[in-house]
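Here is a short briefing on a protein structure. Look at the sequence and the model first, then read the points below.

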Amino acid sequence: MSRIVGIDLGTTNSLVAYVDDRTGLPVVIPDRDGRRLLPSVVGFTPDGIVVGEAARRQLARRPADTVYSVKRLMGRGWEDVKDELRYLPFRVLPAEGVLKLAVGDREVTPPEVSAIVLRALKERAEAHFGEPVERAVVTVPAYFNDSQRQATKDAGRIAGLDVVRIVNEPTAASLAYGLHRLGQGVVAVYDLGGGTFDISLLRVKDGIFEVLATNGDTHLGGDDIDRALMLWLLDDVQTRHRAELTRDGVDLAADPEAMQELRLAAEAAKIRLSSEEQTTLTLPFAGFTYRRTITRAELERLVEPLVARTLGPCRQALADAGLSASDIDEIVLVGGSTRVPLVRRRVQELFGKTPHSQLNPDEVVALGAAVQAQILAGGIKDMLLLDVTPLSLGIETLGGIVSVLIARNTTIPTSAREMFTTSVDGQTVVDMHVLQGERELAKDCRSLARFELRGIDPMPAGMPKIEVTFLIDANGILQVQAREQRTGKAASIEVKPSHGLTEADVERMVEESFTYAEADVETRLLIETRNEADTVLTHVGRALRQAGSLLAADERARIEAAVAALREARDREDRDAIRDRTTDLNHATEQLAERMMDAALKGALGTRRAEEITGPGGSRGDGKT
Amino acid sequence: MSDFFSVFGLERRLAIDVAALQRRFYELSRRWHPDFHHAAPPDEQARVLEESARVNAAYRALRDPLARVEYLIRLEEGRETKEGAAVKPKAPPQLLAEMFEIQEALEEARAGALDDATRASLTAQREALRARMAETEARVAGPLSQAWDAAAAGQRPAALAALKEALATRAYLRTVIDDLGAVLDGMEEERDVAHRRD
């Protein structure tokens, strides 16, 4: 069977890794240029889709068509995110159910955007191994609910990847550390990434990684630090340059490009302030240049309330595990935001210990995903991860009260059974509303789905006994089965996900993505063929200028005709024509090339030594001759 | 279906060596966790998933002495299938009477009248209730559990009833302590923040 890779699908950056069979160690797969991180940014342009660094570079140029931090929108509804939308430069459409983004001339859902990132990583891995890669372990924040996990799985399918396991990021990190660096004992993993925060407490013993409790906030991370600093900078620019802004009638807050510039500058300043005490920003705007020095202390005043928000979940996780801070033997820091010195200080204060950070906090989750992939592939047999479900699962009962079936921090897989019956004579359908969350009322919890049990034989009210099994699998994803006890007949269940894609949606997106993929390959090949043609045209042009005098008139005319033919073909979409005309031109210039070589050799033998021509100082365009 | 005690090869007794239970849990996890059966055919995987879920549920029910008592009560009363259901707290009437004063003070405090003297008195009472809850827990996990293990078949219903009453007392005390917390330090609010899901 094909190999399984580990993927960290991050808010800001994504990575793919695998375990090297020779060393037994996980390694990150770089792209062709040696870059290990793939920015989780997708740009929709008239020419096609760009992803990663290329998309990141166009963030400020094409703010409305460039999607970043889409992870924060995965598995969410309009109501969840509407307060945050004014900070996002791309358009999110108000709708029931799954969110839609309006980018370029199309509408896409968050799983489709994530699928583009996943496909880029898939291709990166395929280029590395020289064979197809179809299976992956993908990580998610531990505190992701069922909808968010399902959305991640859907993204994988759309990208042509079978997501064989969803693993929680902090636990994945503990696996990466666990290979060599962790002793036996209780470990706290503090994971503050680009958009999400998780705390997980684990007991590590004899190769078993047993999660005792987890908690977090799926809407807290480096993005929030950037935003706080961006708003602070905006305020400062508006104060200091009020005169120019008023004169030019400019409202910076309403200018998406200016806001993106500010956000990127804020992010860069934040990163510099992790290693420097102060940094200077220089931002050219139309009409003036903003220059300002920021100190680490100024940044920390903005970061402090965000860091404080991570401490509540830490204390709750300790309480749930029945532990106090002094019971923690080791602390592991994960996520780029743990580079912020204030974050380190606060974590150290809370647990009273110096945290581990030997492994790169940007890479450790992907490395752990690769370890989990290797466990699933049967390549590692002594390590086992026992994870938990982060949120209580329940059903809505009379009066909108939630009856909890599976408590948070229960080890998964886990199941619960519940009996249902009818309340009206002859009733053949029973509804269930499944929720996740810790609050008593259904309206305060997260609605996962409505299930309809159908095909119940008509009987007096209360007679049917339908046993429903709620099973949370090792991915933390819910599966529901129902059986009428009297007849033993499996009841059919129709699932209406509250914020997710339906099965039919996913099927359609998988198919569409195939068409896109072929179109994308076509486009890429066309671009490559054109590049080749351009290279030949440039060389021939130079040769004609240098050595045109060596040619007979008819010879020269033939070459010029071939050049004109290729120029004409180059601007059309027909790849075969471009290739054929390129070949023609190469043929037409064979004699020219020979003559140039002769002339060069004669000249060289007559006046100079050969190495002076081909030596390192030579500026010859084509080193092959 | 076999009960959770038998999952670990144990008798139906409340005295359990937790370290040995954990070792056995880890062994069974290595045997049944879906990670180690990834290449198995689908029906085998379904069985593995079910077994693994059962091992996890059994460990959760038995590792903690109080959860273990709650499970035993469900098992003895034939309510084993409702794995998620807790013992319905029915507090002893005498305890309700005893708490009358605190409840009244709480009502007043909720209405907005929390002066320093009341605050101090409620704080002291909360401390007393916490001590009493800890004492009740110790009694459930200790002497009352031992009494059930030692009881002959005929005495078991009485031993079980004593366990049930103690658990109901604990549940009620916890409710009052939580209510006091909500008034004294806005615990409720803090808990919501800790669990924010947006």
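Helix α5 (residues 169-178) of chain A and α11(A) have axes that come within 7 Å and cross at roughly 75°. That makes α5(A) roughly perpendicular to α11(A) (angles of 65 to 115 degrees count as such). This is a predicted model: local features need pLDDT of at least 70, side-chain atom pairs count only at pLDDT 80 or more, and totals for chains, interfaces and linings use all residues. Residues are numbered from 1 along each chain as its sequence is written, while chains are lettered from A and ligands numbered from 1 in the order in which they are written.

**Helix contact**
- Helices (H or I, at least four residues) and strands (E, at least two) are DSSP runs, numbered from the N terminus.
- Axes are lines fitted to C-alpha atoms, for helices over the stretch in contact, with angles from 0 to 180 degrees between N-to-C directions.
- Residues making the contact include A:Ala172 of α5(A) and A:Leu367 of α11(A) (in contact: C-beta atoms, placed from the backbone, within 7 Å).

**Sheet**
- Three strands form an open sheet in the order β24-β27-β28 (chain A), paired antiparallel (pairing needs at least two DSSP bridges).
- β24 (414-420) and β28 (478-484) of chain A stand at the edges with a single partner strand each, so one side of each lacks a neighbour in the sheet.
- From one strand to the next, the twist averages 20°.
- β27 (residues 466-472) of chain A pairs with β28(A) over seven bridges.
- A:Ile466 has A:Glu484 in β28(A) as its bridge partner.

**Chain contact**
- Chain A gives 33 residues and chain B gives 24 residues.
- β24(A) gives the most to the side of chain A that touches chain B: four residues.

Terms used
Two residues are in contact if their C-beta atoms, placed from the backbone, lie within 7 Å. Angles under 35 degrees count as roughly parallel, over 145 as roughly antiparallel, 65 to 115 as roughly perpendicular and the rest as oblique.
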